Every structure is written in C-alpha cells, then in structure tokens.
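This briefing covers a helix pair, a chain interface and a domain arrangement. The sequence and structure come first, and the points follow by topic.

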Amino acid sequence: MNTDLIIIGLAGVLAAAAPVLFAVIGETLTERAGVINLSVNGTILLSAMGSFAAAYLTGSIVVGFLAGMVIGGLTALIIAFSSITLHQSQVAVGFVMALVGRDLAYFLGSSYMGVSGPRLPAWNIPVLSQIPLVGTLFFRQDLITYLSFLLIFVAWLWIFKTRPGLMLQGIGERPAAAFVRGANVNRLRYLYTVLGGVLVGLAGPTYSLSVKAGWKGTISGLDGIGWIALAITIFGGWNPLRAAFGAYLFALLQWLGVVLQSSLPGIPSQVLQVAPFPLMIMALLLVNIGNTEWIERLLAGMPESTRRLIARLLRALRASPPAALGVPFEQE
Amino acid sequence: MVDLRARWINIGFQVLAILLALLFTTGILLLAGAPPLEAYRQILTGSIGSFNKISDVLVAWVPLLLSAAGLLITFSAGLWNIGIEGQITLGAVFTTWVLRSLQDTTLPPGLIITAGILGGMLGGALWASLAGALKTFGGVNEIFGGLGLNFVATAITLWLIFGPWKRPGIGSMSGTEPFPAQLSLPLLPGYRLSPWAVVLGIAAIVLVYMLLQGTYFGLKLKAVGKNIRSAFLLGIPTWQYMMLAFILCGALGGLAGAIQVTAVYHRLIPSISSGYGFLGLLVAMLVNFRAIWAAPVALFFAALNIGSIQLPIVLKLDSSLSGVLQGVLVLFVLIVDGIRQRLIHKT
C-alpha cells in the first residue's frame, strides 16, 4: 500500500470518528453533571433514521441535522424527567430508551431502506487544503467533521476553563456544596442532560447524511456504536481530550480491521469488525484497575522502587467517575 | 399501609400505563401509514390463532423465561447483568461443542444431549463469571464489561461458523451443519415445541422463586443488593455472593442457549440469542423484580414477538413493532409509577 492511500485512509478515519466524537462528548457533558444517559445506542439509530427521512422528505440537509438533534434532545429529556423529577432509575430508563430507539428506527425506517438521498458535500478549505499531507488529512473534510474537531477543544475549555464549567464539575462531584453556592443543581442537570442528548443526536445525521450516507436498517452497521461510545466515555476519564483520543483509536482500529482483511484471508470480516470491542474491555480494565483495593494491597507488599513505578503508571491510566454520577439530588 | 383503596389506585395507575403504551404504539402505526386495528389483529391471530402459533409462542417463551429467571437473581444482588446476551450465546457455543465432539461416539443420544445441555450451562456460567471477575477484581462496571463481552461472544460465534465449524464447502450465515435428528430434544409430533424445554423453563422459574423468597441465601443476596456496605458489615461475604449471582444467572442463560441449539435450531447460528437476553431484562423490570409475575409477562412478550412475525408478511410492516410496544410499556410503567409516588408524597 502506498503513502497516498494511507493518508486518504487516515483522513477517512478522522471523518469516521466524527459521529463517535459527538456521542462521546455529549455523554461526557451529561455524566459530568451526574446523570447517566444509557440510551446512546438507540438515540444514534433513531436520529440517523429520522434525520435521513427528514432530509429526504424536505430535500434539506440542514433540516435533517436539526431533526437528529431534536430526537437526541427529546430522548434525553425523557430520561431527565424520569430520573431527576420522578426519581426512577437512570439506568433502567436509559436502557429501555436504548431498545425503544432501536426498534422505532427499524420500524419507521423500513420505507426508507436503501433509498438514495442527500449527502453533505466535502468542503475543501482554501489554501490550507493545498498543504501536503496535513491538507489532505484535515482540510478536505466536510463541515460536520470540522465541527467535530472544534467541539473537542470547545468542550475541554468549557469544562476546565470557564466558571459555568466549574459549576458543572461541582454538580457532578459535590452537588450539595454546589447547591450551597447557589447552583440550581437539578435545573443544571436537566440542561446538561438535554445538551448532551442533542450532541448524541448529532451523531445520527453525521452517519446517515455524511459518513455512511443513507439508511440501511439492520445492516447499517450502526447498531453497537452507541454502546462503544459509552465505553469510550469511561476510557476518556470524562475529559474531552482523552475521550477524543479514544474515539480516534476506535475508528483507527475499525479501519485497520477492513485493511487487514485482505492480508488475513483466514479470518472472516465479521470477526475483524468486532476486534475493537475486546480491546475496549482491556482499556476499561486498565483505566479502572488502579481504583481497586486488592491492587493497592498488592502494591503495598512490593519493594519501594517497583511500587512507585507501577503506582505512577496506574495513576496515569486511571480515571475516576464524577463522585455523584447516577445519584439523585434532593433539594431541601 | 397497603389498604384496599391504595391497591385499587395502584392497579388504576398500571392500567393507565398500559393504555398509554397502546396509545403511543397506535400513534406510531398511524405515523407509518398503517391501519392500527388490523396490525393488532394480525399480532393476535399470529400468536394465538392456531395450535401451531401457540406452540411457537411457547418455543419463544422458554428462553425468555430462563433469561428473566436468571436476571431476577442478579437484580436481587443489585447487579445489572446486561451481559446475559453473551451468556446465552456462549451456552449455545458450548452445547454445540459438546454435541460435535460426542456425535460420532457410540454413547446413547440421551446422554449426549444431557451432556450438551450441562455443557451449555457451564459455558454461560463461565462467561458470566468473566463479567463478575471484571467487576470484582477489575473495578469494571458490569454494564460495560457485559456489553463488551456480548460483542466478543458474537465474534466467537461468527469465527466458529465461518472458520473451524464451517459447513462442508463454504461457511454461511445459515450456521453450522445441522445435527442428526436423534440429537434433538424430543419434540411434540408435528410441532416445533419440546415439552422438555417447557419443563426446564418452568422448573427454573419455580426454583428461582423459592430461592429468593424462601431461603437464607436469597435473603442475604437481597441484603447485598439493597446496601452492600451494611451487608458486608453484617458479615455477608459480599463479593462471593455477587459472583455466585453472576454464575447462577449465567448458567440459566447458558441453559437458554443450550435449548436453542438442542430443541429449536439444531445447530449454531450467528444470532442464536435472538435478543431474548435484553428482552428478559425488560421482563424483569416490568414485573418489578417479583419472580411470581415473570412467567405470565414473559408469555405475553413471547406472544407479541411471535405475533408480529405476521406484520411483514401481511401488512409489509417491520416486525420490530413488538419491540416498540414492549419497550414503551416498560417506559410508561416506570414513568406512571414515578408520578404515583410523587403524588403520594405530596399529599
């Protein structure tokens, strides 16, 4: 394989990671506020189908993207209402919505299967796209992919460098303390759950109107991505930069699976397509194992120098969830 | 405090939830431009319209009931065993493995089938203990560990079907070479239903009911689920109990997989779990984790699944409508229950 093909392939990886990025960063914002939105897989499928249908019927790509965002926001609103206002289990409602979203997408989408519809065109950025290598990689994408690049940094700045971001961290870590400081915890949780849902909803049209244009029902290859996005959120340690790394790694592994298929004829393609999943489990294990007691006990028995080295390694990998994740907050 | 009036109000709210779910599904049918009443009629006749259909419903009921029974154990221990799909799949893989290894021996078929089913239960239990080990020793939440393991289970199945266990000639999505007829659980003549499978399903739910309601073990398991820290302080070995809950649930999931191989498909197919694990989670949630209701609710869900097969044939609609109805039913039950509790607390 020559260099040009590899560069084009890698540019494809950056585009393919865009929907995963939207979902992962949306979920990161929601979980930072202390709410788990487990519906991601269903939301992506339903918003992919719904936005394709909307764009197909109206002929407008913009309407398509808006429809996807509305679907994501509404799904998140149901979860926020059930968990924050009604105190039902976030995990239960989220899981149900994951299944309902998927089945609704397959039921309502059957008449749009395999129909050819509008697709977001590539938009080469003048001057920058002429730079060798870098130009092909970053500046010959479409608008939504550029937006995904931008979102990583905006989300990171928002969480770690602004006052509202500090408040966001507060309501996820110590809601009672944030409440004392004047934060309306539950209203903010509503806000970030819906905002996160809108971003997850953006992942749908990014597939059906850009990366994998069209709607192909059960063979769209989208079923399962949402669950991966939830795993990447943890792998990313609720930090947009690390989450972005996870999303790109996942897209890269999927691409490698396709590329390697030709050189490994003994392995069926379906196996290579799921290769990232066991690697994700390994990653989750690495991220979490530093938090367990028995590792701490094991380390305590080791000679000083080894202990320090391993402890430092584990600390670098470790990610702890927001302390109040999944815990409802009762305002007095 | 559960007086007669409160109980009637309770039932009233539950009926409301069912009506809302039907209303929503009807709206979806109208949105798809389909005649709602005709769709419901097709589901009804497609599920209880003939003895053949009823037997098909029972065929679907057994794996669903087994998954729900297993999940009641893990839910009691406060665990979200979303990895049940993979446990069913690995059960089917292990059963196929045992049957393949023994089918050319001179052992009596009854013995081979029994070994296959026990192998399936072992496979499911092993896969579940993996999710359990990830949780207890790796700190990986069982939801994410389980989901990942589901995908790995699917990959293993596909690899076996297209690789080492492929049909003579070329592997295909239709699965492995079917087993000879004597390696099938005995079926009712003329039907696809095995009475043995039904007996196993009923035995499982009865055992789980007794385990959770009538034993000291069940009580301790629930203590772990309600408050793990106090359970630990009371001297209950918490992680061992959680692990045991995973293993028991995995064994029942594995049994479901074993039955899919020995009584339904007679071979390993790519999607052998058929989503019964996730559906079992819905059943367990809908019965609010009370074992006694699991059997009728699972039967109702199985009827919806079988009945909706008529939809693509007669009305050109997708059969996923049953999933929509099942999901929104659970959703509205949760929401309406939340509203009821809010109203009670207000007054």
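In this predicted model, helix α5 (residues 109–138) of chain B packs against helix α6 (residues 142–162) of chain B at an angle of about 145°. The axes of the two helices lie 9 Å apart, and the crossing of α5(B) and α6(B) is right-handed.

**Contact of α5(B) with α6(B)**
- On the α5(B) side, the residues are W127(B), L130(B), A131(B), L134(B) and K135(B).
- They meet E142(B), G145(B), G146(B), L149(B) and A153(B) in α6(B).
- By class, the residues of this contact are six nonpolar, two polar and two charged.

**Interface of chain B with chain A**
- In chain B, 39 residues are in contact with 37 residues of chain A.
- Helices α5 and α6 of chain B are among the elements that give two or more residues to the chain B side, together with α1 (4–31), α11 (276–286) and α14 (321–346) of chain B.
- The most residues on that side come from α14(B), which gives twelve.
- The chain B side divides into 27 nonpolar, ten polar and two charged residues.

**Domains of chain B**
- Domain 1 of chain B gives eleven residues to the contact between the two, and domain 2 of chain B gives eleven residues.
- On the side of domain 1 of chain B that touches domain 2 of chain B, six residues are nonpolar, four polar and one charged.

Note on methods
Residues are numbered from 1 along each chain as its sequence is written. Chains are lettered from A and ligands numbered from 1 in the order in which they are written. This is a predicted model: local features need pLDDT of at least 70, side-chain atom pairs count only at pLDDT 80 or more; totals for chains, interfaces and linings use all residues. Axes are lines fitted to C-alpha atoms, for helices over the stretch in contact, and angles run from 0 to 180 degrees between N-to-C directions. Helices (H or I, at least four residues) and strands (E, at least two) are DSSP runs, numbered from the N terminus. A crossing is left-handed if the near helix is turned anticlockwise from the far one by less than a right angle, and right-handed if clockwise. Two residues are in contact if their C-beta atoms, placed from the backbone, lie within 7 Å. Ala, Val, Leu, Ile, Met, Phe, Trp, Tyr, Cys and Pro count as nonpolar, Asp, Glu, Lys and Arg as charged, and the others, Gly among them, as polar.
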